[in-house]
Amino acid sequence: MTKIIRGKIFVLDDNIDTDQIIPAEYLTLVPSKADEYEKLGSYALAGLPDRYGKFILPGEIKTIYPIIVAGENFGCGSSREHAPIALGASGVQAVIAQSYARIFFRNCAATGELYPWESQQRLCDKFETGHEVSINFESNQLMNHTLGEIYNLKPLGEVGPVIDAGGIFAYARQTGMISAR
């Protein structure tokens with residue numbers, strides 16, 4: 001069966017850093033505690049400038065946007081694992097960016113929180129927040145249902161199975177690299 005993620009997108013541009021993804025004041029929350037994981041998600045993208053609009057609507061703890069589309073250098077800044085965790089806890093399943101800060105990309109795999117797709121062209125200038133899209137994992141394509149257009153994505157490669165497993169340690173246990181608990 002082909003894996004597909006479908007939903008509304010939240011559009012960002014270049015150099016979205018980890019302080020914008022999850023401001024430092026929320027780093028005291030411990031993601032391994034269920035209630036704090038949920039709270040961490042409710043602060044995802046709280047550091048963005050007002051021009052982007054609200055990622056999480058007032059009074060809500062989850063976003064209505066399971067997919068983020070961004071420009072270059074997404075996740076730059078500090079190496080905090082809280083950034084992909086906060087996005088995953090908010091309900092984000094995938095980010096499609098033109099490029100990533102390597103540590104953010106690696107933290108997506110380490111935590112297993114979300115899929116870091118790379119676009120083959122600059123989509124953040126073509127798309128608008130609220131467009132309905134779907135990502136087809138088998139064909140590595142993004143369909144913008146609002147515009148009626150299809151775009152190729154770079155394959156996830158070896159990071160896909162790691163995220164499918166739930167992160168690097170779950171993958172290592174699943175493949176026998178380390179002993180199961």
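This is a predicted model: local features need pLDDT of at least 70, side-chain atom pairs count only at pLDDT 80 or more; totals for chains, interfaces and linings use all residues.
Local features need pLDDT of at least 70 and side-chain atom pairs count only at pLDDT 80 or more, while totals for chains, interfaces and linings use all residues. Residues are numbered from 1 along each chain as its sequence is written, and side-chain values use heavy atoms, with hydrogens and water left out.

Helices (H or I, at least four residues) and strands (E, at least two) are DSSP runs, numbered from the N terminus. Helix α3 spans residues 82–90, and because 9 of its 9 residues are buried, the helix is largely enclosed by the rest of the structure. Buried means under 20% relative accessible area, exposed over 50%, and partly exposed in between (1.4 Å probe, protein chains only). The cover over the buried residues of α3 includes α1 (18–21), α2 (34–42), β2 (67–70), β3 (94–97) and α4 (102–111). Just after α3, Gly91 has a positive phi of about 115°.

A nonpolar core is a set of buried Ala, Val, Leu, Ile, Met, Phe, Trp, Tyr and Cys residues joined through side-chain atoms within 4.5 Å. The largest such core has 57 residues, and Leu12, Ile68, Phe74 and Leu87 have the most contacts inside it. The largest share of this core, 5 residues, comes from α3. Leaving aside residues up to four places away in sequence, Ile68 touches residues including Phe10, Leu45, Phe55 and Val95, where contact means heavy atoms within 4.5 Å.

Strands β6 (residues 141–144) and β7 run antiparallel and are joined by 4 bridges; two strands pair if DSSP finds at least two bridges between them. Within this pair, Leu142 stands opposite Tyr151 in β7. The two strands form a hairpin with 4 residues between them, and Gly148 in the turn has a positive phi of about 70°. Strand β7 (residues 149–154) is also joined by 2 bridges to β4 (residues 115–119), again in an antiparallel arrangement. Here Glu118 stands opposite Lys154 in β7.

Most residues other than glycine have a negative phi. Asn15, however, has a positive phi near 55° and lies in the loop between β1 (4–11) and α1. Asn15 counts as partly exposed because its relative accessibility is 43%. Leu45 likewise has a positive phi, near 60°, and is found in the loop between α2 and β2. Leu45 counts as buried because its relative accessibility is 5%.
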